[in-house]
Amino acid sequence: MSDSRERILGRVRDALAPLPRRAPLPDWSEALAVRRGTREAGDLWALFAERLKAVNGTPLTAVPDLVALLEAGGWRHGYCDPALWPRLRGEFPAAFTVETEFDRRRVDDYQFGITAAAGAIAETGTLVLSDRGTSCRLGALAPWVHVAVLRREQIVADLPAAIAALPADPNVIWVTGPSKTADVEGILIEGVHGPGREVALLLAG
Amino acid sequence: MARQSIDAFIAALPAEKRAAVYAGTKTTHEKRAQLLLDHFVDSDRLRRWAGEIKQHVLENLDTYLPQVEAKLQANGAQVHWAATADEACAAVHQIMVAHGATRMVKAKTMVSEEIGLAPYLEQRGMEALETDLGEFIIQIDRDHPSHIVRPVIHKNRAEIARSFEREGLGAYNDDPETITRRARQHLRPKYLAAGVGLTGANFVSAESGRLVVVTNEGNSRFSLAAPRCHIALVGIEKLVPRDHDLALFLNLLARSATAQNLTVYTEFISGPRAPGQPDGPEEMHVIFVDNGRSAILAGDCREILRCIRCGACLNVCPVYRQVSGHAYRSVYPGPLGAVLSPLLAGEQFAEMADLPKASSLCGACQEVCPVNIPIPDLLLRLRDRGKREHAPAAAAGTPPMGAWALLAAQPAIWKTALAAGRILNHLPVKLIPVPALRAWVARRTLPAWRGGEFRKWMRQRRRS
Amino acid sequence: MTPDRQLPGADKRVQLMATCLCDAFYADTARAAVEVLEHLGCTVEFPERQTCCGQPALNGGDWRASRKVVRHTVEVFAGDLPVIVPSASCAAMLFHGAPLEFEQEPDLAAVRQLARRTWEFADFIVNGLGVKQWPGRFDGRLAFHRSCHARGTATGAAALTLLSSLAGATVVPIDEAEQCCGFGGTFAVAFPHVSANMGALKLEHVRAARPDLLVAVDMSCMMHLGGLAEAEGKPLTTRHLAQVLRDALGQGGPR
């Protein structure tokens with residue numbers, strides 16, 4: 001295999017050697033590469049919420065609203081990050097069954113999964129999840145409804161800021177709305193392998 | 001004159017396939033144009049910058065490749081190098097064997113199609129299951145994708161429903177939502193049973209070693225949540241210099257590909273799972289694939305390696321939209337494929353030398369390319385090469401230009417021809433002595449020949 | 001895409017490249033170009049030994065043959081006068097295609113020198129001579145076909161500026177206007193099915209706009225679309241921009 005490495009790198013070097021000069025790295029302007037109206041926005045949560053709604057995500061600001069949403073959908077069995085559950089459990093009626101350990105043998109039992117967000121991007125209505133911040137990957141991915149719990153200070157304005165803020169983490173995921181496909185005749189269907197509902201729950205502190 | 005195979009293909013293509021491809025591409029390319037206009041002050045400048053960044057990377061790959069390898073290794077990933085398609089397949093196979101895995105779930109990656117990975121593994125008793133809905137349908141149909149982003153753009157819901165029924169996924173039902181739910185149910189246990197998850201990479205940052213994988217369905221996330229081993233297949237050209245540059249590329253990519261601002265999932269992967277994380281791979285392998293790319297880097301069409309596989313060129317190409325992807329006889333169709341496929345063919349270039357001819361050189365592709373690849377110029381270069389190497393596929397249907405040049409470089413002969421051409425006004429079309437002209441008049445009326453009239457008028461005007 | 005061009009001198013002397021298609025079929029387009037340029041005060045020279053820009057061989061894939069013709073053209077148009085071309089594709093050949101195929105050739109500099117003096121007709125009127133408003137009158141619904149070789153140049157905008165300024169004229173938009181008509185040079189005969197389909201689709205879009213005539217800056221597109229339309233039994237009136245501008249001076253309308 002190191003033989004292949006040498007072969008490939010050797011060919012690359014030989015390919016580039018005759019070039020009289022190498023193309024320079026251009027300076028590009030962040031301001032021009034960010035969607036119009038983003039940087040002027042005063043309230044990042046308001047912009048984030050607007051852009052999240054535009055991709056059929058659901059921004060919420062109170063736990064009772066979340067409970068109402070889950071009840072309306074008939075989703076009463078779910079998973080929650082054990083670090084978050086103490087804060088939320090008081091608002092969940094007894095009819096709910098919420099596990100704080102995800103059993104991958106019973107993947108389809110969980111109708112919703114509540115995990116912590118590692119950040120959010122107002123420009124695109126995107127939630128940021130990370131490996132260290134997400135108690136289990138499957139809990140955020142497999143259930144029909146995913147709820148990301150977010151704090152206001154976690155929201156950045158735009159992509160360049162979000163890239164600069166990428167945590168040192170082996171797996172950071174930007175989630176922009178519910179999963180979808182348009183493979184069948186270009187018709188948009190939500191809820192493919194990932195969640196069909198994506199909720200951002202803003203909590204203070 | 002011998003016939004061009006792509007032209008013959010379209011003559012035989014069923015009308016509903018052509019209509020499906022035409023409609024599918026039209027919506028996406030129109031929405032794409034509107035989005036870029038609405039969201040950015042000057043999206044052309046963004047494309048040019050992105051192109052320059054990619055060109056810089058390509059021309060400095062000798063520095064960036066070792067750099068990214070070191071970063072990946074520092075992050076805990078194992079790095080492999082595959083000079084050929086066979087080596088890449090063998091590397092994947094070896095990793096699976098070493099890991100004790102016989103089942104793989106794969107997210108969408110064109111490189112895996114290019115190297116023929118699924119058949120290679122299947123021949124060795126392993127399962128390589130496509131998880132992207134479009135690719136899954138292709139797999140169960142034993143078909144080939146006809147678009148790099150919308151693999152089943154050429155199929156309608158009825159065909160897909162029949163395929164699902166045939167595969168035992170339920171009684172015939174062509175409702176797109178039902179089809180999608182069935183795929184979801186069918187694939188869940190497969191993810192959990194698989195030992196290996198395979199992805200590609202849309203970008204690899206040479207600064208941090210992060211792989212960036214973009215999807216809409218969540219299949220790539222699932223392939224990285226359940227299985228214990230991750231293999232990433234990455235073409236050597238997929239690098240970007242800095243994390244910072246990703247902000248520019250990501251704002252261009254989804255808009256160009258599917259007219260979305262961002263795909264639903266943008267994953268930044270820099271190593272196996274974090275300690276304490278119950279789900280995800282314990283091992284991560286990155287296989288850098290050459291398979292002809294270094295040869296392209298050495299030639300005069302290296303700009304094609306900037307490509308970020310968005311498919312915008314396919315969606316706007318008037319030829320692709322008429323003929324559809326299978327006409328191109330290769331993994332990469334459309335304007336991208338017309339340049340890349342003959343080049344990747346290496347010594348078999350001549351067999352693909354007709355692809356660069358299947359274009360009216362309209363330039364729409366370059367105009368939409370998020371990395372500003374000068375595709376028409378590259379097509380011209382490949383035509384020149386096809387001629388110099390005497391590739392019959394390139395020559396088919398093209399009138400002999402040597403004779404034309406003789407005529408056009410000699411004014412006296414030219415003027416004679418202008419006068420003689422008057423015979424075309426009187427000759428029955430079947431008797432026109434020039435094959436190219438006969439081909440023309442088979443479908444179009446020739447205008448009246450007026451050779452010499454303007455010149456005479458001009459001379460008279462000068463005298464007065 | 002277009003290199004920086006030198007502007008005309010005070011005496012407005014220019015050379016005309018009539019193009020091979022006008023030489024063979026579209027004599028009136030070449031005449032109209034001369035009449036329009038002279039109306040604008042230009043002295044138009046027509047080097048008699050001109051033939052063709054060399055493009056058919058370039059896009060046919062035979063660069064060697066193409067270079068022979070380009071060399072002849074460079075020699076015929078020697079000097080430093082602006083060269084005006086009533087064809088976006090021939091103009092693009094001279095300022096883009098020829099330098100491309102001469103990259104490795106010792107006489108690249110001469111090719112580039114001609115490139116810098118080459119102006120497509122509409123671009124020259126609006127950006128070379130600074131004329132943005134056209135006098136006279138032209139009644140009718142005009143659909144404008146911006147040929148593909150005008151992509152990335154000032155030609156499309158220039159032509160629309162002039163057409164929109166015409167008293168009596170209504171410029172009607174065509175759906176999918178940016179899609180190629182299907183000519184493509186040798187492509188039209190090497191890929192007859194694809195080419196004809198593309199043309200038929202374009203005609204559908206044009207007819208849906210119900211224009212009185214289709215105006216272009218490239219007779220090659222018109223030869224293809226006009227020829228297809230006539231073969232279909234539903235002829236389409238096509239004109240070069242130069243003809244419309246000339247006719248407007250004589251208080252014209254669709255003829």
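Two strands pair if DSSP finds at least two bridges between them. Keep that rule in hand for the exercises below, which work on a predicted model.

**Exercise 1. Find which chains touch, and where the most contacts lie.**

Step 1. Start with chains A and C. They do not touch, and their nearest C-alpha atoms are 15 Å apart.

Step 2. Take chains A and B. Here 59 residues of chain A are in contact with 77 residues of chain B.

Step 3. Take chains C and B. Here 52 residues of chain C are in contact with 55 residues of chain B.

Step 4. Conclude. Two pairs of chains touch, and chains A and B have the most contacts between them.

**Exercise 2. Describe the side of chain A that touches chain B.**

Step 1. List the elements that each supply at least two residues. They are α1 (2-16), α2 (30-33), α6 (137-141), α7 (159-164), β9 (171-175) and β10 (180-181) of chain A.

Step 2. Pick the main contributor. α1(A) gives the most, with eleven residues.

Step 3. Sort the residues by class. This side of chain A has 31 nonpolar, eleven polar and 17 charged residues.

**Exercise 3. Trace the sheet that holds strands of chains A and B.**

Step 1. Begin where the chains meet. β9(A) pairs with β9 (residues 265-269) of chain B, antiparallel, over five bridges. The rule asks for at least two bridges.

Step 2. A:I173 stands opposite B:E267 of β9(B).

Step 3. Move on into chain B. Strand β6 (residues 211-215) of chain B runs antiparallel to β9(B), and five bridges join them. B:V214 has B:T266 in β9(B) as its bridge partner.

Step 4. The open sheet has eight strands: β8(A)-β5(A)-β6(A)-β9(A)-β9(B)-β6(B)-β5(B)-β8(B). The pairing is mixed.

Step 5. β8 (155-156) of chain A and β8 (239-240) of chain B are the edge strands, and each pairs on one side only.

**Exercise 4. Work out how helix α21(B) lies against helix α4(C).**

Step 1. Note what is needed. Two packed helices are described by the angle between their axes and the distance between the axes.

Step 2. Read both values. The axes of α21 (residues 401-408) of chain B and α4 (residues 63-76) of chain C come within 9 Å and cross at roughly 5 degrees.

Step 3. Apply the cut-off. Angles under 35 degrees count as roughly parallel, so α21(B) is roughly parallel to α4(C).

Step 4. Name the residues. B:M401, B:G402, B:W404, B:A405 and B:A408 of α21(B) meet C:A65, C:K68 and C:V69 of α4(C).

Step 5. Class them. The contact has six nonpolar, one polar and one charged residues.

**Exercise 5. Describe how the two domains of chain C meet.**

Step 1. The domain assignment of chain C gives domain 1 (13-127) and domain 2 (131-249).

Step 2. The centres of domain 1 and domain 2 of chain C, taken over C-alpha atoms, are 21 Å apart.

Step 3. Count the contact. 28 residues of domain 1 of chain C are in contact with 26 residues of domain 2 of chain C.

Step 4. Find the main helix. On the side of domain 1 of chain C that touches domain 2, α2(C) supplies the largest share, seven residues.

Step 5. Sort by class. That side of domain 1 of chain C divides into 16 nonpolar, eight polar and four charged residues.

Methods
Residues are numbered from 1 along each chain as its sequence is written. Chains are lettered from A and ligands numbered from 1 in the order in which they are written. This is a predicted model: local features need pLDDT of at least 70, side-chain atom pairs count only at pLDDT 80 or more; totals for chains, interfaces and linings use all residues. Domain bounds come from an automatic or database domain assignment. Two residues are in contact if their C-beta atoms, placed from the backbone, lie within 7 Å. Helices (H or I, at least four residues) and strands (E, at least two) are DSSP runs, numbered from the N terminus. Ala, Val, Leu, Ile, Met, Phe, Trp, Tyr, Cys and Pro count as nonpolar, Asp, Glu, Lys and Arg as charged, and the others, Gly among them, as polar. Axes are lines fitted to C-alpha atoms, for helices over the stretch in contact, and angles run from 0 to 180 degrees between N-to-C directions. Angles under 35 degrees count as roughly parallel, over 145 as roughly antiparallel, 65 to 115 as roughly perpendicular and the rest as oblique.
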